Amino acid sequence: MTKMMTGAKMVVQALMDQGVEVVFGYPGGAVLPIYDEIFQQNQIQHVLVRHEQGAVHAAEGYARSTGKPGVALVTSGPGATNAVTGLTDALMDSIPIIVLTGQVPTFMIGTDAFQEADTVGITRPCTKHNWLIKDTDKLANTIHEAFHVATSGRPGPVLIDIPKDVQFATGTYSEKSKRKSHYAPQVKGDIAMITELAEAMATAKRPVFYTGGGVINSGPAASQLLRELVEATGFPITSTLMGLGCYPASGPAWLGMLGMHGTYEANMVMHDCDLMINVGARFDDRITGRLDAFSPKSVKAHIDIDASSINKVVRVDIPILGDVAHVLEDLLKVWKTQGRRTDKEALAKWWKQIKTWQATDCLGFTQDGPVIRPQYAMSRLEALTKGHDRYITTEVGQHQMWAAQYLGFEDPNRWMTSGGLGTMGYGTPASIGVQMAHRDALVINVAGEASWLMNMQEMGTAMQYGLPVKQFILNNERLGMVRQWQQLLHGERYSQSWSQSLPDFVKLAEAFGAKGIRCSDPADLDEAIAEMIAYDGPVIFDCLVEKHENCFPMIPSGKAHNEMLLRDAQVKGAIGATGAVLV
Amino acid sequence: MSPLNIKKGASSHSAYDLRSTFGDTVERHTLAVIVENEPGVLARVIGLFAGRGYNIESLTVAEIDHTGHRSRITIVTTGTPQVIVQIKAQLGRIVPVHEVHDLTVEGPSVERELALLKVAGRGDARVEALRLADIFRASVVDSTLQSFVFEITGTPEKIDAFADLMRPLGLQEVARTGVAALSRGSDTLV
C-alpha cells in the first residue's frame with residue numbers, strides 16, 4: 001500500500017520510522033511546513049535551542065552519549081550557515097548526526113532569494129554526504145538513506161536540504177525497509193592480517209594498546225572486547241582524548257591519556273614500545289608530536305574502518321581495515337584458539353620500566369595557598385561526583401585537558417568533548433543534548449569562562465526544558481591555553497588573551513532563572529560542589545582558580561614524546577623556531 | 001619480527017593496496033572512478049583534490065551507463081606513492097563513488113585524448129601544417145582559405161608534440177578533452 005503525504009509530513013514520518021525521539025532545532029521561513037507537522041504530533045520531542053550552532057552540538061552530545069544518531073532541524077540561509085561549525089566538528093570526531101535544513105523553493109534556487117544560501121555547496125566539505133531534494137517522491141527514501149550513511153562505516157554528519165515547495169507538495173512515502181543502498185563499508189578485517197597481529201603480540205617485548213574514538217563509535221561491544229583483550233594479554237593501554245572510557249581509568253593496565261597533554265608514562269611507553277596496536281585512532285598531530293621521532297622502534301598495527309586513515313601520516317606495518325568490534329572479536333578468537341601466549345618475562349620487565357615512569361607522578365600537585373588550583377578543582381569534582389551516574393562535556397582549552405587528566409572514565413559514551421576541531425562553545429549545548437537523553441543523570445560541562453561565553457545563550461534552553469545541567473566554569477579570567485602558548489613561545493606578550501569585562505556569573509545564572517554558585521576558597525570547594533550536585537536544576541558554578549597556571553605535562557610543538565615538559569621550570573626556550581610554526 | 005618481513009600486496013579484503021613502499025619519487029597515475037551519476041558528484045571529487053592539495057593533471061567525466069546512472073571519471077594525478085594511496089582511499093570513501101581503479105598499477109592500459117587545433121596561415125606554413133597533420137594522422141575538420149581546424153587523437157604526449165610543431169606554423173587555439181583510459185585485455189571494471 002502506498003502512502004501519499006506532503007513532504008513536510010514525510011519528514012516527521014521518516015524520523016518516527018527511524019526511531020527518533022528528540023530533534024534539536026530552530027524554526028524559520030523555509031521550514032515552517034515541517035514545524036507545522038511537528039506541532040501536530042506528540043511522538044517526537046522538539047527542543048528549541050537559542051542558536052543553530054547549539055542545535056548541532058546538542059545533537060552531537062545526544063549522539064555521543066547514546067550511540068544513536070542525533071537530529072537537528074534548521075532553516076535556510078543563516079540557519080544552515082550557523083550549523084556549519086557543528087557539522088565540521090561532527091565530521092572531525094566521526095559523530096553520526098542528521099541535519100535537516102530548509103531551502104527556498106526549487107524555482108527560486110539560484111536567484112539570490114531571501115535567506116537563500118548554497119547549503120549543499122557550503123556543507124559539501126564538512127559533511128560525510130549531503131543531498132538537495134528536488135522531488136517529494138524521493139524525500140523519504142533519502143532520509144532513510146541519510147540515517148544509513150551517517151551511522152555506517154566511519155560515522156559522520158549528513159545534511160538534507162529540503163526546499164519549501166518540496167515540503168508542501170504531496171508525494172509517495174517510501175518505507176524504511178524498501179531502501180536500497182550501495183553504501184556498505186567493510187566491517188570484517190582480513191583474517192590473515194589479524195593472525196599476523198596475533199603473532200606480533202605473542203613475540204612483543206614492549207607492547208602497547210593505543211586506542212581512540214573508533215572504539216567508542218564501534219559500540220559498547222568494542223569496549224567490552226578491548227577490555228577482554230587487555231585482560232588476556234596484560235598489555236598496557238593508553239587512549240586519545242576521544243577514546244577515554246573505552247578502558248576503565250581504574251583498570252590495572254591503564255596508563256592515562258597520551259599526547260600533547262597526556263601522561264608522562266603513556267608518552268614514554270609510546271616512544272619506547274616495540275609493538276604499537278592502534279585501535280580506532282588516527283595518529284593525530286596532538287598524539288604523534290614530531291613525526292620523524294614518533295615511536296621509532298616499533299612495529300605498528302592499525303585497526304581502522306576508514307582506509308584513508310591508514311598510512312595517512314604514519315606508516316604502519318600491519319594494516320587492518322574493519323570495524324573495531326568485528327576485528328577485536330576475531331583477534332580474540334585467533335588469540336585463544338591458537339593458544340597464543342605473551343612473552344611473560346619481557347612483559348614483566350616492561351611493566352617494571354613503566355612503574356618507574358609512573359613514579360614520576362606527572363599529574364601530582366599540591367594545593368597550597370588561598371587560591372584554588374584548577375587541578376585541585378578537577379580532583380575534587382572527580383572525588384565528589386564519581387559515584388554518580390555521570391556524564392561530562394567540556395569546552396576547549398586548558399580546562400578540557402585538566403578534565404581529561406583528572407577525571408576518570410569507567411565506561412564509554414560518558415565523555416563528550418570536541419577533539420578534532422577544538423570548538424570553543426561546544427560544551428554547553430552538548431550538555432543539553434546529553435541531558436535530554438539521560439534525564440536523571442548528573443551532566444556536567446567543565447568549561448573555561450571564555451569558551452563558556454561562546455554559547456551561553458543555551459542556558460535558556462536548559463531552563464525551558466528543565467534540564468539540570470551543571471556548568472562548572474574554571475574561571476581564570478584568561479584564554480588560558482592561548483596565554484600558555486604566548487608565555488612559551490611569544491615572549492610573554494599576552495596579546496588579547498585576557499577575558500575582560502566578564503559578567504557576574506552568579507547574577508547571570510539568576511537572570512536565566514538558574515542557580516549561581518561562586519567559589520574562590522579551596523576550603524569551601526567541597527561544600528560548593530556538593531551544593532551544585534544537590535540542586536535540582538541548571539547551575540552555573542563560577543570556580544575562581546589560579547590565573548597563571550599552565551597545563552602540564554606538555555609535549556612542546558615540534559618535539560618528540562620523550563621530550564616532555566613536566567613543569568614550569570622547564571619551559572624557557574622549550575619550543576624552537578620550527579616548532580613555533582606548528583599549532 | 002621486523003617490518004621488512006612483511007609481504008607486499010593488497011589485503012585480500014581490501015580494494016586498496018595498504019602496503020605501499022612510500023618512496024619519495026613523484027609518480028603519475030591514471031585513475032578510473034566509477035560514480036553514481038547524481039548532482040554534485042563531480043564537485044565532491046574536485047573538492048577533495050582542492051581541499052587536500054592533490055594535483056589534477058587531467059580530468060574527464062561522462063555518463064557511461066544511462067540506465068544504471070553510472071558515470072566514469074578519468075583522473076590523471078601526480079604524487080608520491082603515499083599520496084597516491086591516500087587519493088585512492090579518499091576517493092573510495094565518497095559515498096556516491098562505487099569503484100576506484102588505478103589503471104597505472106592494475107596492468108597495462110591505453111590512454112587516449114582528443115584535441116582540436118586551429119592553425120592560421122598562408123603559403124608554405126599552411127602547406128607544412130597540412131603535411132605534418134598527415135604524418136600525425138590528424139584530420140582536417142574545418143577549413144578556410146586562411147585556416148584549418150585539425151582533429152587529432154592520441155596520447156597526451158603525441159598531442160603535445162603536434163601542438164609544439166604547429167606553434168611556429170600559426171597555431172591559434174587548442175581545445176583538449178583530457179585523457180580517457182581503459183585497461184587492455186578482456187577484463188572489465190564494471
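Which helices and strands of chain A do the buried residues of α11(A) pack against? Let's build up to that step by step.

## Reading this model

This is a predicted model, where local features need pLDDT of at least 70, side-chain atom pairs count only at pLDDT 80 or more, and totals for chains, interfaces and linings use all residues. Residues are numbered from 1 along each chain as its sequence is written, while chains are lettered from A and ligands numbered from 1 in the order in which they are written.

## A helix with one buried face

Meet helix α11 of chain A, residues 220-233. Helices here are DSSP runs of H or I with at least four residues, strands are runs of E with at least two, and both are numbered from the N terminus. The 14 residues of α11(A) reach 20 Å from first C-alpha to last, close to the expected 20 Å at 1.5 Å a residue (that is, 1.5 Å times one less than the number of residues).

Its buried residues are A:A222, A:S223, A:L225, A:L226, A:L229, A:V230 and A:T233. A residue is buried if 20 or more other C-beta atoms, placed from the backbone, lie within 10 Å of its own. Seen down the axis of α11(A), these residues fall within an arc of 165 degrees, so they line one face of the helix; the arc is that of the directions from the axis to the C-beta atoms. An α-helix has 3.6 residues a turn, so residues three or four places apart point the same way.

Now for the opening question: the buried residues of α11(A) pack against α9, β9, α10, β10, β12 and α14 of chain A. After the helix comes A:G234, with a positive phi near 75 degrees.

## The nonpolar cores

A:L226 is one of the residues touching the most other members of the largest nonpolar core, which holds 196 residues. Such a core is a set of buried Ala, Val, Leu, Ile, Met, Phe, Trp, Tyr and Cys residues joined through C-beta atoms within 7 Å. Helix α7 of chain A (residues 139-151) gives the most to this core, with seven residues. Another core, of 13 residues, lies apart from it and includes B:L117 and B:L169.

## A look at chain B

Chain B has four helices and nine strands, running β-α-β-β-α-β-β-α-β-β-α-β-β from the N terminus. Of its 190 residues, 26% are buried.

Definitions and conventions:
Buried ≥ 20, exposed ≤ 12 C-beta atoms within 10 Å, placed from the backbone. Contact = placed C-beta atoms within 7 Å.
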